[in-house]
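Here is a chain to walk through together, in questions and answers. Let us look at the model first and then talk it over.

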Amino acid sequence: MIKAFDTSSLATRSPVRREELLKLYADGFRLAIWRAFDGYRVDGVFREGLEVSLELGFAVAAYVVVLPRSRGSVMRNALLESAGRLLGRLQFVAIDVEVEGIKEEQILEYVAHLETLKVRPVIYTRKSFWEAQGFSNRFSYLPLWYAHYDWVASFDDFEPFAGWTEDKVVGKQYGNDVGYGGMTVDYNVFLDDVLRQDNVEEVKAIYTQLDAIWGYSLEIQRSVSAIKDHLEKLGLRDPRA
């Protein structure tokens, strides 16, 4: 299991201080989850939080909030613009579902837009909230990060709901509002395999291309060598030699 913290500009001042993140690292946290989108706009410390976390050796992820008037297209553009080249470093992007008045169609829209960005969507919610809203099980194919503040870093308390069974659980938020100097964070635990090798299939493709280039290179070297031998036999030596 991997210890993770999550935070936002509501709980972390700017500039993000390295010494506070180093304390979290010393306490065993290895995954930093930053709020990327507050429902209407980019979170003020998101990009800075990503950069500093990566510099200090954390894996990083993000979460995006759904509010009653939130639009998936606005979320997508905000995430793309703010993360930039770091988008591919995100282990996942969690869709934060915990505000009354939102609709399932908004969640679907968020999922669709995240998939166009080739990032892994995760649903973050609480069992009691989901059931109180009367939401369906249409999202049970997605990984689940659930909240239950029992201060126990395990999934032993998990109760299936909305089609989610324990095999779909990847994380639990088990503690909240812990102070680290200028930061306030929530405590989480995640499965080890939530940390993917970055873009495994893309990396495989790159190595395949490199092997091909290397093969072409050897063929080119042999061809050039043969041409030089032929020129020398014709008495046409390299004038630069």
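**Reading the fold**

Residues 24 or more positions apart account for 74% of the contacts (heavy atoms within 4.5 Å) in the chain with a separation of 6 or more. This is a predicted model in which local features need pLDDT of at least 70 and side-chain atom pairs count only at pLDDT 80 or more, while totals for chains, interfaces and linings use all residues. Residues are numbered from 1 along each chain as its sequence is written, and side-chain values use heavy atoms, with hydrogens and water left out.

Me: In what order do the strands of the closed barrel run?
Reply: Two strands pair if DSSP finds at least two bridges between them. The pairing in this closed barrel of 8 strands is mixed, and the order is 1-2-3-4-5-6-7-8. Neighbouring strands of this sheet are turned against each other, direction ignored, by an average of 30°.

Me: Which residue in strand 8 is the bridge partner of I2?
Reply: Strand 1 (residues 2–7) and strand 8 (residues 183–190) run antiparallel and are joined by 5 bridges. For I2, the partner is F190.

Me: Which residue in the turn of the hairpin formed by strand 7 and strand 8 has a positive phi?
Reply: Strand 7 (residues 169–180) runs antiparallel to strand 8, with 7 bridges joining them. Y180 has M183 as its bridge partner. The hairpin leaves 2 residues between the strands, and the one with a phi of about 65° is G181.

Me: How many residues of strand 8 are buried?
Reply: Buried means under 20% relative accessible area, exposed over 50% and partly exposed in between (1.4 Å probe, protein chains only). In the chain of 241 residues, buried ones make up 44%. Strand 8 is mostly covered, and its buried residues number 7 of 8.

Me: Is Q106 buried or exposed?
Reply: Q106 lies in helix 4 (residues 104–116). Beyond its neighbours within four places in sequence, Q106 is in contact with V66, L67, P68, R69 and S70. Its relative accessible area is 9%, so Q106 is buried.

Me: Which strand gives the most to the lining of the largest pocket?
Reply: On a 1 Å grid over the protein atoms alone, a pocket is an open set of points where a 1.4 Å probe fits, with protein on both sides within 12 Å along at least five of seven lines, and lining residues have an atom within 4 Å of a point. Of the 18 lining residues, D6, S8, Y63, E98 and D186 lie nearest the centre of the largest pocket. Strand 1, strand 3, strand 7 and strand 8 each give two or more residues to the lining. With 3 residues, the one that gives the most is strand 8.

Technical notes:
Helix = DSSP H or I, 4+ residues; strand = E, 2+ residues; numbered from the N terminus. Axes fitted to C-alpha atoms, helices over the stretch in contact; angles between N-to-C directions.
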